[in-house]
Amino acid sequence: MPIYEYRCPSCGFQKEHLQKMSDQPLSTCPSCGAAGYAKLLSAAGFQLKGSGWYATDFKGGSSSAPAASPSSDSSPAAGCGGGCACH
Ligand SMILES: [Zn+2]
């Protein structure tokens, strides 16, 4: 739910309001009752939360590349599960 920051030009009252997108914007100052209560577009409460940046994924990606596995072919005695051609 977005947070809107409102400010009253009459008395200077300023407050953040948690509103649904479908809610009517406030227009009346809860402090003095003036009708000029309006959203601040440069609200400090607006922040992108949980940005999907995972910079760690770019490190060490090449080390996990599939290399030739010598254990499957050149060592018939160790770890043979019956699925190989060593018997
Ligand atoms: Zn006011």
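Tutor: Here are the labels, one at a time.
This is a predicted model, where local features need pLDDT of at least 70, side-chain atom pairs count only at pLDDT 80 or more, and totals for chains, interfaces and linings use all residues. Residues are numbered from 1 along each chain as its sequence is written.

Student: How many strands and helices does the chain have, and what makes a run a strand?

Tutor: The chain has zero helices and three strands. Helices (H or I, at least four residues) and strands (E, at least two) are DSSP runs, numbered from the N terminus. Strand β1 covers residues 3-7, β2 residues 14-18, and β3 residues 38-40. The pattern along the sequence is β-β-β.

Student: Why is Lys15 called partly exposed?

Tutor: A residue is buried if 20 or more other C-beta atoms lie within 10 Å of its own, exposed if 12 or fewer, and partly exposed in between; C-beta atoms are placed from the backbone. Lys15 has 14 other C-beta atoms within 10 Å, so Lys15 is partly exposed. Lys15 sits in β2.

Student: How do you know that β1 pairs with β2 and with β3?

Tutor: Two strands pair if DSSP finds at least two bridges between them. β1 and β2 are joined by five bridges and run antiparallel. Three bridges join β1 to β3, also antiparallel. Both counts meet the cut-off, so both pairs qualify. In these pairs, Glu5 stands opposite Glu16, and Tyr6 has Lys39 as its bridge partner.

Student: What lies between β1 and β2?

Tutor: Six residues lie between them, and the two strands form a hairpin. Gly12, in the turn, has a positive phi of about 85°.

Student: What makes Tyr4, Tyr6, Cys8, Cys29 and Tyr37 a nonpolar core?

Tutor: A nonpolar core is a set of buried Ala, Val, Leu, Ile, Met, Phe, Trp, Tyr and Cys residues joined through C-beta atoms within 7 Å. These five residues are Tyr and Cys, and they make up the largest such core. Tyr4 and Tyr6 are also the covered face of β1, while Ile3, Glu5 and Arg7 are the uncovered one. In a regular strand the side chains alternate between the two faces of the sheet.

Student: How confident is the predictor?

Tutor: pLDDT is the predictor's confidence in each residue, from 0 to 100. The chain averages 75, and 48% of the residues score at least 70. Among the strands, the mean is lowest in β3, at 91, and highest in β2, at 94. Where pLDDT is low, the predicted coordinates should not be read in detail.
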